Amino acid sequence: MANELDETTGPVKEDGRDVNVIEKQLPVQVGWGSTLFEILLWCLGIVPGVVFLFMKIGARNYFRKLQQKLQTDASTIDNYLEQRVQILQNVAGLVEKAVALDSDVMKAVAAFRGGAAAAGADRNAVQAQLDGAFGRLFPQVEAYPELRAHAAIADAMQQNAYLQKEITAARTLYNDTVNQWNTDLFDWPTKMIVAARAGYTTRIPFSASKEVKAQARQKFF
């Protein structure tokens with residue numbers, strides 16, 4: 001039997017296909033078959049019914065713990081974003097004393113001083129604003145050798161690079177937990193029945209913004 005998907009004979013989309021995260025949450029639903037399954041267990045005797053009841057209690061506790069892990073993973077990303085905000089403010093304060101900064105940079109700094117990175121803010125939006133602010137700030141630093149040699153500024157630039165890597169790692173961890181949640185929701189019978197009765201839906205993993213994707217396609221060297 002031939003392969004259903006054959007990479008050697010196609011069809012092949014030569015112009016490629018971009019990958020996007022679908023911004024949609026899917027509800028978990030079970031039909032009458034699941035209800036019949038539970039009834040049959042009780043019909044088979046008290047023991048099967050009680051065992052499945054405890055399995056459902058375990059599944060409910062599992063989902064509650066997993067939700068707490070999702071919160072923790074998301075909070076880790078927020079912590080790193082907050083540190084990047086502090087670095088931006090510190091560097092902007094040092095550079096501003098030596099050169100006239102781009103007005104857009106100062107607007108970004110002022111916005112973050114006003115609480116743009118507060119809890120509940122859109123993480124993607126905060127990250128995009130930070131990337132834009134640093135993208136305008138660091139070229140100005142590079143244009144002045146005396147600023148580039150400033151120990152505090154050099155250290156801040158290194159910290160920013162480090163935090164960007166940590167944010168990427170934290171997002172990967174968050175996406176792993178989201179994937180675990182989304183997969184377990186449809187694990188029939190126990191978890192899926194519990195999820196449907198609780199009204200759970202799938203969760204949307206982290207996705208890069210349109211601007212970041214466009215920048216990734218640019219020629220860097």
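Reader: Which residues is threonine 177 in contact with, leaving aside its neighbours within four places in sequence?

Author: Contact means heavy atoms within 4.5 Å. By that criterion, and with neighbours within four places in sequence left aside, threonine 177 touches Leu66, Lys69, Leu70 and Asp73. This is a predicted model, where local features need pLDDT of at least 70, side-chain atom pairs count only at pLDDT 80 or more, and totals for chains, interfaces and linings use all residues. Residues are numbered from 1 along each chain as its sequence is written, and side-chain values use heavy atoms, with hydrogens and water left out.

Reader: What joins the side chains of threonine 177 and lysine 69?

Author: A polar contact is a pair of N or O atoms within 3.5 Å; within protein, one must be able to donate a hydrogen and the other to accept it, and residues adjacent in sequence count only if both atoms are side-chain atoms. Here the two side chains are joined by such a contact of 3.0 Å.

Reader: Is threonine 177 buried or exposed?

Author: Buried means under 20% relative accessible area, exposed over 50%, and partly exposed in between (1.4 Å probe, protein chains only). Threonine 177 has a relative accessible area of 2%, so it is buried. Threonine 177 is found in helix H6; helices (H or I, at least four residues) are DSSP runs, numbered from the N terminus.

Reader: Where is threonine 202 found?

Author: Threonine 202 is in the loop between helix H7 (190-198) and helix H8 (210-216). Its relative accessibility is 7%, so threonine 202 counts as buried. A polar atom of its side chain lies 2.7 Å from the backbone nitrogen of leucine 26. Threonine 202 and leucine 185 are 17 residues apart in sequence, yet 7.4 Å apart in space, C-alpha to C-alpha.

Reader: How many residues has the largest nonpolar core?

Author: In soluble globular proteins, nonpolar side chains tend to be buried together. A nonpolar core is a set of buried Ala, Val, Leu, Ile, Met, Phe, Trp, Tyr and Cys residues joined through side-chain atoms within 4.5 Å. The largest one has 33 residues, and Phe63, Leu130, Trp181 and Leu185 have the most contacts inside it. H2, helix H4 (123-142), helix H6 (151-184) and H7 each supply at least two residues of this core. Its largest share, twelve residues, comes from H2.

Reader: Which residues is phenylalanine 63 in contact with, neighbours within four places in sequence aside?

Author: Phenylalanine 63 meets Trp181, Asp184, Leu185, Lys191, Val194, Ala195 and Tyr200. In H7, the buried residues include Val194 and Ala195.
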